[in-house]
Amino acid sequence: MRSTTFLTVGLCVLTACASAPKIDYYTLGMEPSGRTDTSVNISVERLRTTEALGRGQIMVLASPTRVDYYATSRWAGSLGELVQRKLAAEFGPPVDGRKALIVSGKVLACEQVDRPGGVEARVKLEIVVRDAEVPRYQKPVLEKSYSSSRSVAGSSPGSVVEELSRCVEEIAAEIAADVSTL
């Protein structure tokens, strides 16, 4: 009797494992776009995220008042870290002799937005820029929100993530243009 119970439980566990859905992991494209040009060195600290974006799943704003998540599509790491790495790739390595600035902030949106006319990718960042040689408690040289949205051809998670990467590239170019005038 006991061996029959163990056999039944073992078969149930194996069956449950065999029917588990395949999870797909995504990351932002980390190759630099070449669109960012700056006359200063910009290093990026890890960005915080909102609680809704911290789940690890790719978020879908299904309506102005409803949030969904892809069931089997997840970020390959923390979203704040992925956006930080993408911005750092866009800004490139430091160049000797240039002024050094530090970017920090928060990811407010990095999501798919379902619209009546189709799917859109949207990124919104709240950015703080500090002079690297000035103590952290002093006033930053720039505080600004940046946003970018792009239409998505199709509605697959992969297509959405590709456009989210392009949104971050656009924001990086805007940040670079803003800090170059400081």
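Start at C167. The cysteine sulfur closest to its own sulfur belongs to C110, at 8.0 Å. That is too far for a bond. One caution: this is a predicted model.

Which cysteine sulfur is closest to the sulfur of C110? It is the one in C167, again 8.0 Å away. A disulfide is called when two cysteine sulfur atoms lie within 2.5 Å. So this pair does not qualify, being too far apart for a bond. The count for the model is zero disulfides.

Next, the overall layout. We have three helices and eight strands. Along the sequence the order is α-β-β-β-β-β-α-β-β-β-α. Of the 182 residues, 38% count as buried. The protein exposes about 10200 Å², and carbon and sulfur atoms supply 53% of that. Take the contacts between residues at least 6 apart in sequence: 71% of them join residues at least 24 apart.

On to the core. In soluble globular proteins, nonpolar side chains tend to be buried together. Here the largest nonpolar core holds 40 residues. Which residues have the most contacts inside it? W75 and L87. Several elements each supply at least two residues of this core, among them β5 (66-75), α2 (79-91), β6 (100-115) and β7 (118-131). Helix α3 (157-180) is on that list too.

Look at L87 in more detail. Setting aside neighbours within four places in sequence, what does L87 contact? V44, L47, L125, V168 and A172.

Last stop, E169. This glutamate sits in helix α3. What does its side chain pair with? The side chain of K86, through a polar contact of 2.8 Å. Leaving out residues up to four places away in sequence, E169 touches E31, S33, R35, T36, K86 and E90.

To recap. There are zero disulfides. Over to you.

How values were computed
Residues are numbered from 1 along each chain as its sequence is written. This is a predicted model: local features need pLDDT of at least 70, side-chain atom pairs count only at pLDDT 80 or more; totals for chains, interfaces and linings use all residues. Side-chain values use heavy atoms; hydrogens and water are left out. A nonpolar core is a set of buried Ala, Val, Leu, Ile, Met, Phe, Trp, Tyr and Cys residues joined through side-chain atoms within 4.5 Å. Buried means under 20% relative accessible area, exposed over 50%, partly exposed in between (1.4 Å probe, protein chains only). Helices (H or I, at least four residues) and strands (E, at least two) are DSSP runs, numbered from the N terminus. Contact means heavy atoms within 4.5 Å. Accessible areas come from the Shrake-Rupley method with a 1.4 Å probe; for residues, only the protein chains shown count as cover. A polar contact is a pair of N or O atoms within 3.5 Å; within protein, one must be able to donate a hydrogen and the other to accept it, and residues adjacent in sequence count only if both atoms are side-chain atoms.
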